[in-house]
Amino acid sequence: MARKTAAQRREARKNALFVLPMALVAVLLVAVPLIYVLITSLAASDGSGFTLANYKALLRADYLKVFLGSLQLALLTTVLCFAVGYPFAYCMARAGRRWRSLLMLLVIIPFWTSALVRIYGWKILLQANGPVNGVLRALGLIDKNVKFLGSYGSVLLTMVYCLISFMILPCHSAVDKMDFTLVEAARDLGAKPWRAFLTVTLPLTMPGILAGCVLVFVPSVGLFYLSDIMGGGLVLVGNLIRDQLLKVRDWNTGSAMSMVLIVLTAGIYLLYRRSGGDDLGVF
């Protein structure tokens, strides 16, 4: 018994040595910055101590409007990514091996290039004298150039473009692992294709759908640079935090906004885990 206990202790020490570097990195690069932001958000602007005034300042009507607008844009982005990404993921999972590899390559290729380069590509396509307006004029669909840039739709389009891969990958993984004999059984029992999809396929692939929604919704709240590049004139939470930190130099209020965003993100993730989600793995 003593030998077994000694072996267990050696194993525990060895495991601790493996975990220690990762724990140090997590503390230095995650925990310490978060604690600093939290302390700054609670500090009074005059240095007199700690206060909740920085959080109370966020209840201003213009701040609440920005937060609600950011959440609305994130929700629309998530819905559109699901509407486009889920059918694509389903077809990719059901395709032959050769086509599946090609489709997977098309999904992964955007990760090989900078997001800024790809967004500026969309800006060139959608500008007044760009290819999109040129094609529409050539087809006789328009008489004068359509102003795509500077609109809500252009920001939403690029948001979906940047994040749709994060919906496709977990949905593809869920569909690929599904037992399709259950669908065949439902069809044999008289269920129509749409009913078999709603009662069998959709529930079985729900973990992948939830993972995709989290992976899309959370980052879409803070992708403020898309609005700046596409000229949408939208002020999102990220813009607000950037302006508070770099222009107004109000680090306390900016830190409070950051903490609200962090708590919102953590809350969404906890809801996802409570609904039975995994660790957001996509493969």
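A residue is called buried when its relative accessible area is under 20%, exposed when that area is over 50%, and partly exposed in between, with a 1.4 Å probe and protein chains only. The structure is a predicted model, in which local features need pLDDT of at least 70, side-chain atom pairs count only at pLDDT 80 or more, and totals for chains, interfaces and linings use all residues. Residues are numbered from 1 along each chain as its sequence is written, and side-chain values use heavy atoms, with hydrogens and water left out.

The charged side chains come first. Side chains of opposite charge can pair when their charged atoms come close. Here a salt bridge is a side-chain nitrogen of Lys or Arg within 4 Å of a carboxyl oxygen of Asp or Glu. By that rule the structure holds 5 salt bridges. One of them joins D62 to R60, with 2.5 Å between the closest N and O atoms. D62 has a relative accessible area of 37% and is partly exposed; R60, at 42% relative accessibility, also counts as partly exposed.

A further salt bridge is formed by D228 and R242, whose closest N and O atoms are 2.6 Å apart. This pair links distant parts of the chain, since D228 lies in helix α11 (residues 225-230) and R242 in helix α12 (residues 237-247), 14 residues apart. Helices (H or I, at least four residues) are DSSP runs, as are strands (E, at least two), and they are numbered from the N terminus. D228 is partly exposed at a relative accessible area of 40%, and R242 is partly exposed at 25%. R242 also forms a salt bridge with D243, where the closest N and O atoms are 3.4 Å apart. A network of salt bridges links D228, R242, D243 and K247.

The cysteines raise another matter. A disulfide is a covalent bond between the sulfur atoms of two cysteines. The criterion applied is a pair of cysteine sulfur atoms within 2.5 Å, and the count of disulfides by this rule is 0. C81 is buried, at 0% relative accessibility. For C162, the closest cysteine sulfur is that of C81, at 9.6 Å, again too far for a bond. C162 is buried as well, with a relative accessible area of 12%.
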